[in-house]
Amino acid sequence: MEALIKAAIPAPVHLPNRSAAAQRPPNHVSVRRFRKNGEVNGLYCTPSHIGSENQGDEQMTEEISQPSNLEAEGKHADIWRHFKEAQQNILYLNKQRLLVIEELEKVNREKQLLLGQIEQFQLGNQAADGRANGTDRLSILWELLHRIDSMVLTQKVNIVEASNWRRLIMDGKVSIADVFSDVLDQRDSELLEKLRQFADGSKRNGFHIVQICTEMEPLVYVGSLASYVTGLSRALQRKGHTVEVILPKYARLNLGEVQGLREIEAEFYSYYNGQLHGNRIWTGIVFGIGVTLIEPIFFLSFFSREKIYGYSDDFERFSYFSRAALDYLVKAGKKPDVLHIHNWQTSIVGPLFWDIFVKQGLEGTKILLTCHDLNSQCLEQPQKLALSGLEPAHLHRSDRFQDNARASLVNLLKGGIVYSNKVLIISSMHSKGRIIRNFGYGLEPTLATHKDKLLIAPSGFDNSTWDPFQDKFLPKNYSADDLEGKAICKVALQQHVGLPKDASVALVGWIYQEVSDIDLKTLKTVVQSITHGGGQLILARIDKLTNLDRASESFVKDLKDENVRFIDRYDEALSHLIFAGSDIILCQTFEDPTLQVPMKALKYGAAPVTMSSSNDRSRHIVDPDHDLSEYSQFITSTFENISLNKALEEMRSNPSKWKRKMADAMDKDFSWDAETCDVHISAYAALQNL
């Protein structure tokens, strides 16, 4: 290379200095151009005469050539230096060009991803518009029903006529929405005239259910009851039944989620501790469900507190509410098919109904009690039953309210079981027989006595929010028939949390609410199992109400691995992406009615695996009974005895089999609309035949 460069560079021109040239006559020097080997060799000076001047000329040439050679070498070095600099500049520019091309490709990928998200968003809006139309119809229905309630309480219409109208309205929901679309603009007199014109009779189909409860998502939630009430109510209404919910008006209610909230301008009193006490009644709509809120006036402090549960007067608070709810139903002239009550907090509705209210126009109504936690029972002094109008001596008996272990006290949950027509226990994994034998928490004799009215139903989840096919939080939607989007979600998740992007590695997610010291020790073993095999782990706390505890902080400090990420903030969008991007989801248990992690994992094509320090230990004892839920049967046969190590090995060694297993899991429906709703409808139907 250097030889070629030298050949291409002209040799320096040797010129005499100006003083020497001035001494020489102009015609004594001629300048000739010579070529050597076909190359330009430069300018060469030759004398025109040969003689005595040669010696002087040679001396002059020597004087000229010495500085000229030094100048040529300097120029040559400069040219070579500039050439090297040019080479380096070309290499740098090439690198910059490659970086720009890579950046452009990244921008194009992000553009395509954004376009895809926009398309999904537009599709979601179209679907939402469709759902909104249905919700608007339900909103009109409930606005109309609440107007009727208000007219009854203000004595503008009698109870019998109002009851007939309610029946007709609940039977013809679609046509009602068309006829009464302007209900908010109608005066009471105009609305009454239209209702009487419409009342031409109709055969009733669906059930009318009133849920008297203490939680409802998204208004107020503490445990699994809140999502259950909302999820089940929406599922029932989608199947043609009418559900309304009665709640205390807590100070911490999320009233921003209530559509059309308004106070009924009417006096309403309920009985408590020997007196009638005034209440304010508020009505509104949540997800198409009619909601009534009861706000005590004299006992305002009952529900104006920071917490929902955990006070020494909880018995008094919820006894007041239960009695007020029944007084409201009678005053408003409502005649539901089923009063659906929950846990010990509203169990007192059972004896109040049968001892006081059944003969006040509710002869056709039955009671269904749902138990979400048999370990929460509420033991109290018998005389407190008199606060709501009951007779303690009549109820403080072994076959009624008397506690099985502490005979001097009454047990609210036991009384609810005794005084309900049907009792439905929420359990996704256990059979009725096993619950009676092993999970009664002191109520085993009571459950055994009333076993014929016991039913078991699994929990569910909201598949309108948790569905990878229409999930608005995912970069690309997918389904059991097309899993391409799941790999895209995995890479997006890795990029989001800063993990190395590789769709082929095993990605394990763990979404949790609380962590104990034992869980942390177990998790350290789990982390080693995952990372030593080249896998990745993402831990995300889903509880947005609590801060990071000290145990978690200590664990995070100890856990430093490039393949592990810890998310200590609540992020709904990230929660969805973790389910979609993970191959395996770690669960504390398959019985998870609060977070519903195992069910959501199945829906998103991730294997639910319970955490255990022993990878060979079976997760649950095999239940010998046959009345297990469909969810329990599927989990037992597919995932119950699969440890984390086995799941990782199966995923790596036989990916096609793993993909088929995940697709089969995604095809299962464990939402509120499926088995959970069907069990409840069967229970309501059975109540009508009693």
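Which residue forms a salt bridge with Arg323, and how far apart are the closest N and O atoms? The partner is Asp327, and the closest N and O atoms lie 3.2 Å apart.

## Basis of the model

This is a predicted model, in which local features need pLDDT of at least 70 and side-chain atom pairs count only at pLDDT 80 or more, while totals for chains, interfaces and linings use all residues. Residues are numbered from 1 along each chain as its sequence is written, and side-chain values use heavy atoms, with hydrogens and water left out.

## Salt bridges

A search of the whole structure finds 16 salt bridges (a side-chain nitrogen of Lys or Arg within 4 Å of a carboxyl oxygen of Asp or Glu). One of them is the pair Arg323 and Asp327. These two residues are 4 residues apart in helix α8 (residues 314-331), so about one helical turn separates them. Helices here are DSSP runs of H or I with at least four residues, strands are runs of E with at least two, and both are numbered from the N terminus. Arg323 and Asp327 are both buried (buried means under 20% relative accessible area, exposed over 50%, and partly exposed in between, with a 1.4 Å probe and protein chains only).

Asp313 forms a salt bridge with Arg305, with 2.7 Å between the closest N and O atoms. Asp313 is buried, at a relative accessible area of 18%.

Arg81 forms a salt bridge with Asp78, and their closest N and O atoms are 3.6 Å apart. The two are 3 residues apart in helix α3 (residues 54-153), which puts about one helical turn between them. Arg81 is partly exposed, with a relative accessible area of 38%, and Asp78 is also partly exposed, at 37%. A network of salt bridges links Asp78, Arg81 and Glu85.

## The five-stranded sheet

Strands of a sheet pair through backbone hydrogen bonds, either parallel or antiparallel. In this model, an open sheet of 5 strands has the order β17-β16-β15-β18-β19, and its pairing is parallel (two strands pair if DSSP finds at least two bridges between them). The edge strands, each pairing on one side only, are β17 (564-567) and β19 (607-610). From one strand to the next, the twist averages 20° (axes are lines fitted to C-alpha atoms, for helices over the stretch in contact, and angles run from 0 to 180 degrees between N-to-C directions).

Strand β18 (residues 584-587) runs parallel to β19 and is joined to it by 4 bridges. The bridge partner of Ile585 in β19 is Pro608.
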